[in-house]
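Thanks for making time this morning. Please bring up the model on your screens, and I will walk you through it.

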Amino acid sequence: AEGGEVGGAREVEHQERTKKVIVMLQKSFKRRVTAAPLQFAAMIQPVEEDAPPPSKHTAAVAFFELLGLHAKGFVNLSQPVAFGDISIAPQDRLMKQKVKLAA
């Protein structure tokens with residue numbers, strides 16, 4: 001939900017799940033040595049090598065969050081081939097967003 005004006009700047013409050021996706025994307029883009037977009041299939045893979053692949057539910061939730069971030073101007077999404085992988089490119093707004101996760 002978006003808040004009102006606070007000190008001349010628009011205050012935006014995100015759901016906790018959205019905050020986690022923002023932080024994960026920020027970390028992913030900061031770690032990259034190339035400017036190439038991040039691929040959705042790579043984004044949802046677990047960090048631990050012995051972890052099971054993501055469930056369909058996890059993939060769907062991640063996709064939903066990406067669509068919301070795209071609509072708000074945080075990322076650009078492209079999918080040049082139908083049913084192909086989705087490329088995720090950061091926008092300045094994503095990298096400048098300060099997020100505080102719940103403890």
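This is a predicted model: local features need pLDDT of at least 70, side-chain atom pairs count only at pLDDT 80 or more; totals for chains, interfaces and linings use all residues.

One definition before we start. Buried means under 20% relative accessible area, exposed means over 50%, and partly exposed is what falls in between. Take L101 as the test case. Its relative accessibility is 38%, so L101 counts as partly exposed. Keep those cut-offs in mind.

Now the overview. The protein has four helices and five strands. Starting at the N terminus, the order is β-β-α-β-α-α-β-β-α. There are 103 residues, and 25% of them count as buried. The accessible surface is about 7,300 Å². Carbon and sulfur atoms make up 57% of that surface. On contacts, take pairs with a separation of 6 or more. Of those contacts, 48% join residues 24 or more positions apart.

Let's go to α1. This helix has 16 residues. From first C-alpha to last it reaches 23 Å, close to the 22 Å expected at 1.5 Å a residue. Its buried residues are T18, K19, V21, I22, V23, L25, Q26, S28 and F29. What do the buried residues of α1 pack against? The partners are β3 (38-39), α2, α3, β4, β5 and α4 (92-96).

Zoom in on L25, in α1. Its relative accessible area is 0%, so L25 is buried. Set aside neighbours within four places in sequence. L25 is then in contact with L38, M43, L66, L69, V75, I88 and L94. Look also at M95, which sits 70 residues from L25 along the chain. The two C-alpha atoms are separated by 8.7 Å.

Buried or exposed? T18 has a relative accessible area of 9%, so it is buried. Leaving out residues up to four places away in sequence, T18 touches E65 and L69.

That takes us to α3, residues 56-71. Here again we have 16 residues and a reach of 23 Å, first C-alpha to last, close to the expected 22 Å. The buried residues of α3 are A59, A62, E65, L66 and L69. Looking down the helix axis, these buried residues fall within an arc of 130°, so they line one face of α3. As a reminder, an α-helix has 3.6 residues a turn, so residues three or four places apart point the same way.

What covers that buried face? The cover of the buried residues of α3 includes α1 (16-31), α2 (40-43), β4 (75-78) and β5 (87-90). The face away from the buried side carries the exposed residues K56, H57, F64 and A71.

F64 deserves a look. This residue of α3 has a relative accessible area of 55%, so F64 is exposed. F64 and T18 are 46 residues apart along the chain, and their C-alpha atoms are separated by 9.7 Å. After α3 comes G73, with a positive phi near 80°.

F83 lies in the loop between β4 and β5. Its phi is near 65°, a positive value in a residue other than glycine. For context, most residues other than glycine have a negative phi. F83 is also exposed, with a relative accessible area of 86%.

On to the largest pocket. Its space is about 520 Å³. How many residues line it? The lining has 18 residues, and M24, M43, I44, Q45 and V47 lie nearest the centre. Three helices, α1, α2 and α3, each supply at least two lining residues. The largest share comes from α1, with seven residues.

Last stop: back to L101, where we began. L101 is in the segment after α4. Leaving out residues up to four places away in sequence, L101 touches E16, K19, K20 and V23. Q15 and L101 are 86 residues apart along the chain. Their C-alpha atoms are separated by 9.8 Å.

α3 has its buried residues on one face. And α1 gives the largest pocket the largest share of its lining. That's my part done. Over to you for questions.

Methods: Residues are numbered from 1 along each chain as its sequence is written. Side-chain values use heavy atoms; hydrogens and water are left out. The expected span of a helix is 1.5 Å times one less than its number of residues. Buried means under 20% relative accessible area, exposed over 50%, partly exposed in between (1.4 Å probe, protein chains only). The arc is that of the directions from the helix axis to the C-beta atoms. Contact means heavy atoms within 4.5 Å. Accessible areas come from the Shrake-Rupley method with a 1.4 Å probe; for residues, only the protein chains shown count as cover. On a 1 Å grid over the protein atoms alone, a cavity is a set of points where a 1.4 Å probe fits but cannot get out, and a pocket is an open set with protein on both sides within 12 Å along at least five of seven lines; lining residues have an atom within 4 Å of a point. Grid points are joined across faces, edges and corners, and a volume is the space filled by probe spheres set on the points.
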